[in-house]
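Subject: Structure handover

Hello,

I am passing on the structure we talked about. Please look through it first; my notes on what was found follow below.

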Amino acid sequence: MTASTVTRPVGSATGPAPRRTSSPSPRLRLLVCAAVVVAALAWIAVRGLTSSFVYYLTPSDIVVAHKADVGQRVRLGGLVVAGSVSRVHDGALRFTVTDGRRSMRVVSTGSVPELFRAGQGVVLEGALRADHRFHADTLLVKHDGQYRAPDLGSSAQEG
Amino acid sequence: MNILDGAMVAMGTRRAQRVLALATLAALAATAVAGLYVVPPDVEQGDVQRLMYVHVPAAWLAFLSFGVVSLASLAYLRTGRIRWDRVAVASAEIGVLFCTLTIVLGSLWGRPVWGAWWTWDPRLTTTVVLLLVYVAYLSLRRVADSAARRAQWSAVVGVVGFVDVPIVHMSVVWWRSLHQEATVLRPGAPTMDTSMLATLLLGVLAFSLAYTYLMTVRLRVGRLEDHAAGTVMSRPAPRAGVPRRPGPVVVGGTVARTAGRAGGLDA
């Protein structure tokens, strides 16, 4: 440790801070290069993730592309088909989700968020079983990001 | 640069800080009143949608904070003036605060609306990465053994770390996600009623004032810290046998880079 040289300040206590006008030091150049490399790697990672990282599969992914095996735990996303929702005596919620091309029947045993309704986007966590239904234990509702105040003119408000 | 310096000095006075603090409190109170009582609840979500008026401003201010970190870090790397390092660290600390606030408020909002406190959706995941990057930034500052190295290392992280901000913003477009897409910062008109948008912008104003106020306070603390460190370092040489840390040498706003390099812990 040669700490004794540390105490010598470069600037003066009262004068203005000296500007660095010379060319950047080798260390700075190295750091800038490292920054560029890291940024490039990050960009590649993002591009890679774009194709490989999917938060949920669509019914088409499962029915057509067979991206999920029977029993494999995945997320399934899609729109709830109008008129398909029913709650049977065992308490499970049954409905169909669609991505516009293919659809899949779902049996959901988890809690149901208040915003769940036909036409809503949902994400389900569970697995496809041998009965060709998707058995979900978690039901998440995707909000469409539309915010509206209640229509004060009409008395009939959706609950 | 002189205008900027003048502005920073003007904002740093006690009087300016008192005015800023009062303006911040008033704007936050106005946001609370507008968000809780004046604006009607969302037709679908009901009252819980009011969380938007704090969640979204917190997220935007986190982005802004980290933007300031990257610009100040860039300015430090170009000029070597320690004041830019002070700006960067001040903004990073406040950004971590806002980013944490964003995640906590989003979690509170997600439970009733989505049905989950948390899910590894791309938006949420990239936001956690963002928080971790700037927590790492602050941790790195504790590792460096000299002020010059601390400023230089953290400036590089401060510049590179900002890469995640556009990724967070675009995550809902690039990947399938549970989080909704942008409602205001999007091509086309915002997908919300005008009264809601006005309240949201009031919240953004209030949070921006809070950011400015916190920045002025943190910058003053930073100046005092550096001044104290400089005072300590300019004392007479320590007695023999008393270990001395190769600490910051900060006088007149510039770090002694060459001196820091001689600090003894170089690889």
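I start with the packing of the helices in chain B. Helices α4(B) and α6(B) cross in a left-handed sense. The residues that make this contact are B:Ile82, B:Asp85, B:Ala88 and B:Ala92 on α4(B), and B:Ala151, B:Ser154, B:Ala155 and B:Gly158 on α6(B). Sorted by class, they are five nonpolar, two polar and one charged. As for geometry, α4(B) spans residues 82–113 and α6(B) spans residues 147–161; the angle between them is about 55° and their axes lie 10 Å apart. The pair is therefore oblique.

α4(B) also packs on α5(B), which covers residues 122–143. Here the angle is about 145°, again with axes 10 Å apart, and the crossing is left-handed. On the α4(B) side the contact involves B:Val89, B:Ala92, B:Glu93, B:Gly95, B:Val96, B:Cys99, B:Thr100, B:Thr102 and B:Ile103. On the α5(B) side it involves B:Thr127, B:Leu130, B:Leu131, B:Tyr134, B:Val135, B:Tyr137, B:Leu138 and B:Arg141. Eleven of these residues are nonpolar, four are polar and two are charged. B:Ala92 is listed in the contact with α6(B) and also in the contact with α5(B).

Chain A is split into two domains, domain 1 at residues 27–54 and domain 2 at residues 59–142. Their centres, taken over C-alpha atoms, are 37 Å apart.

Next, confidence. This is a predicted model, and the predictor assigns the complex an ipTM of 0.71 and a pTM of 0.76. For chain B the mean pLDDT is 84, with 86% of residues at 70 or more. For chain A the average is 76, and 74% of the residues score at least 70.

Which stretches of chain A have pLDDT below 50? Another is residues 153–159, where pLDDT stays under 50 and the model has two contacts beyond four places in sequence. In chain B, pLDDT stays under 50 over residues 252–267, and that stretch has 58 contacts beyond four places in sequence.

Regards

Terms used:
Residues are numbered from 1 along each chain as its sequence is written. Chains are lettered from A and ligands numbered from 1 in the order in which they are written. This is a predicted model: local features need pLDDT of at least 70, side-chain atom pairs count only at pLDDT 80 or more; totals for chains, interfaces and linings use all residues. Domain bounds come from an automatic or database domain assignment. Axes are lines fitted to C-alpha atoms, for helices over the stretch in contact, and angles run from 0 to 180 degrees between N-to-C directions. Helices (H or I, at least four residues) and strands (E, at least two) are DSSP runs, numbered from the N terminus. Angles under 35 degrees count as roughly parallel, over 145 as roughly antiparallel, 65 to 115 as roughly perpendicular and the rest as oblique. A crossing is left-handed if the near helix is turned anticlockwise from the far one by less than a right angle, and right-handed if clockwise. Two residues are in contact if their C-beta atoms, placed from the backbone, lie within 7 Å. Ala, Val, Leu, Ile, Met, Phe, Trp, Tyr, Cys and Pro count as nonpolar, Asp, Glu, Lys and Arg as charged, and the others, Gly among them, as polar. pLDDT is the predictor's confidence in each residue, from 0 to 100.
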